[in-house]
Amino acid sequence: MADDPADAESVTPETTRLLVDAMCGRLATYLRMCGYDAAYALDRGVETDDAVAALARREERLLVTRDRALADRAGGVRLDSRDITEQLRELRDRGFALALDEPARCARCNGELVPVGDGATTPDYAPDPGERRVWRCGDCGQCFWMGSHWDDVARRLADL
């Protein structure tokens, strides 16, 4: 799209806050893993086009959607594909920086992650922070580490 707001410049986690609508929910997790502040409309209880557009405006977020009319109305980025790899490719081709560095955003709720110090306790599902780096979400408490899921996402991004 010529008027695509993402075409004007590179889109990075440091410069762009996103709102992902219900049509692209799985994409929100990938964007969060890439460090984006990527709110998911359904997590906010927002479903109607009017409410999604209003939320994007109110929070100054770039909308990511598959809905042409909504993208046009909200000045958002419209994706064509339903496939997650193709959606990531579409975003990359529009200038989105898609890379893994260190976990920064909670894949579950989009909260900010903070490192868990050595000697701190973690839930049974998480590794010992003395043996592996672990981050905890400041909002929901979920723990994250760079394990097999991280490796799978890194491979998917490398294959774009």
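Trainee: Hi! Is Arg-61 buried or exposed?

Mentor: Arg-61 counts as buried, at 9% relative accessibility. Buried means under 20% relative accessible area, exposed means over 50%, and partly exposed lies in between (1.4 Å probe, protein chains only).

Trainee: Before we go on, what kind of model is this?

Mentor: This is a predicted model, where local features need pLDDT of at least 70, side-chain atom pairs count only at pLDDT 80 or more, and totals for chains, interfaces and linings use all residues. Residues are numbered from 1 along each chain as its sequence is written, and side-chain values use heavy atoms, with hydrogens and water left out.

Trainee: Thanks! Which side chain meets Arg-61 in a salt bridge?

Mentor: That is Glu-59, at 2.7 Å from N to O. A salt bridge here is a side-chain nitrogen of Lys or Arg within 4 Å of a carboxyl oxygen of Asp or Glu. Glu-59 is partly exposed, with a relative accessible area of 21%.

Trainee: How many salt bridges does the rule give?

Mentor: The count comes to 14 salt bridges. One of them pairs Asp-37 with Arg-17 at 3.5 Å, N to O. Asp-37 lies in strand 2 (residues 37-40) and Arg-17 in strand 1 (residues 17-20), so the pair ties together parts 20 residues apart in sequence. Strands (E, at least two residues) are DSSP runs, numbered from the N terminus.

Trainee: And what about Glu-90 and Arg-94?

Mentor: Their side chains meet in a salt bridge at 4.0 Å, N to O. Glu-90 is buried at 15% relative accessibility, and Arg-94 is buried at 12%.

Trainee: Which residues do shared partners join into one network?

Mentor: Arg-17, Asp-37, Arg-44, Glu-59, Arg-61 and Arg-105.

How values were computed
Helix = DSSP H or I, 4+ residues; strand = E, 2+ residues; numbered from the N terminus.
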